[in-house]
2 protein chains.
Amino acid sequence: MSTPKAVEGQPRRADAVRNRRLALEAAKTLLTRPETTLTVETIARQAGLGAATVVRAFGTKDALIDAAVADLLGPLIRRAQEALAEDDPGTALRGFLLELINFQAAHWIMSEQLEGLRVPLTTLRRAELRNTLRDLIGRAQDAGAIRADLHPAVTTVLLGEAAYAIARSNESSPELAAGFVTVMMDGLRPQPSAPHAP
Amino acid sequence: MSTPKAVEGQPRRADAVRNRRLALEAAKTLLTRPETTLTVETIARQAGLGAATVVRAFGTKDALIDAAVADLLGPLIRRAQEALAEDDPGTALRGFLLELINFQAAHWIMSEQLEGLRVPLTTLRRAELRNTLRDLIGRAQDAGAIRADLHPAVTTVLLGEAAYAIARSNESSPELAAGFVTVMMDGLRPQPSAPHAP
DNA sequence: AAATTACTGAAATGAGCATTCCAGTTAATG
DNA sequence: CATTAACTGGAATGCTCATTTCAGTAATTT
């Protein structure tokens, strides 16, 4: 009640601010690195701080992870929203998919870890991303750029979850991402028997 | 060294045998059920046994999980090998994919849990499955049933990992599986611009 | 630069688990 | 059915961690 944890309001002292930043940075680094144990201890070592300091900076380990994930996912979500504003819905979708996969491949071999984390904000951010993707898909369908004759979830899950899965497969590479998008978009073309609309 | 753990040789006494079965069954049940904590305690309760008994029956919690996973995956691996012997490689692949997805959807909403488990046999079984799938794909490509002009990993990862992802998405259903396979196979058709070979 | 606190981190705490102990129970054997 | 050795399960043990404590340190303020 009266203990002024650093969480509410901004941390005041200069070193506290700096350490908060260090902890966040360390968490982000470890999140993008596979085969790490991601304990408070680990993060603290990576940050060059004591474990207590790391926890205190965010109040909780989960809060720290939340913040780190939000930081990592932010740009991607922003990009999705930009794609939503592009002119050609089909191209926008294709382009964003490529970015999504490459981004995850680059920053996210750690997704196994995310999978394990039951952290609220993380879930929220991922949902936000998924929703925007859903919109992108809807637009592409309305424009006739991709087929709309399947169970609605097919496309969403296919492009969302599957892209996620492929990105984290330990063989990820730009070619892989490109091939994936090609297959996806080919398979999603309206009227699979007809090459493309007139 | 001299302690006769139930692991080596077969357990002798009737109740030991029965309890081993109960523990295995309980583990399998919990594995196919999402949102379970899968502790020895949980398994024991599900089996109606004491925790110690459950552990002793297999020597280790991991060994028990290993056995349960092998049991669950076994039929699927067998099916993959059967598909490998079918006449039409394209149809065989398509058919098996459908089975794979539906099977996982039915018995494996728990895959989140498997993900978390770092259990050796589990890894082995999954590799075995993946390898057979790779063979199925190779055969289909050799037969010209699906395109072979992409980075080799594209197809494997796409069909293996992605099928896995889609199966565990909390929206899985037969239609979803069917739609997924349709899109995949359409996208994988040789020469995407040419509907099909003459 | 002296006084006042906010902050730090090594160590203590506590919670969740797998695994082991052991006193009591029960299947197997003659 | 009596004997005996194999089982059983509640409790004890021993990890791994996140979180809290607290004696000391160093920003900040005057």
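How many residues surround DNA strand D, and which are the closest? There are 26 of them, and A14(A), T39(A), K61(A), G50(B) and A52(B) are the closest; a residue is near a strand if its C-beta atom, placed from the backbone, lies within 6 Å of it. This is a predicted model, in which local features need pLDDT of at least 70 and side-chain atom pairs count only at pLDDT 80 or more, while totals for chains, interfaces and linings use all residues. Residues are numbered from 1 along each chain as its sequence is written, and chains are lettered from A and ligands numbered from 1 in the order in which they are written.

- Two or more residues each are given to the surface near DNA strand D by α1 (14–31), α2 (40–47), α3 (51–58) and α4 (61–85) of chain A, and by α1 (14–31) and α3 (51–58) of chain B.
- The largest share of that surface near DNA strand D, four residues, comes from α3(B).
- The surface near DNA strand D holds 11 nonpolar, six polar and nine charged residues; Ala, Val, Leu, Ile, Met, Phe, Trp, Tyr, Cys and Pro count as nonpolar, Asp, Glu, Lys and Arg as charged, and the others, Gly among them, as polar.
- For DNA strand C, the largest share of the surface, four residues, comes from α3(A).

**Chain A and its helices**

- Chain A has nine helices and zero strands, where helices (H or I, at least four residues) and strands (E, at least two) are DSSP runs numbered from the N terminus.
- Of the 198 residues of chain A, 38% count as buried, that is, with 20 or more other C-beta atoms within 10 Å of their own, these atoms being placed from the backbone.
- The axes of α2(A) and α3(A), lines fitted to C-alpha atoms over the stretch in contact, come within 8 Å and cross at roughly 100°.
- The helix α2(A) is therefore roughly perpendicular to α3(A), a term that covers angles of 65 to 115 degrees, taken between N-to-C directions on a scale from 0 to 180 degrees.

Note on methods
Buried ≥ 20, exposed ≤ 12 C-beta atoms within 10 Å, placed from the backbone. Parallel < 35°, antiparallel > 145°, perpendicular 65-115°, else oblique.
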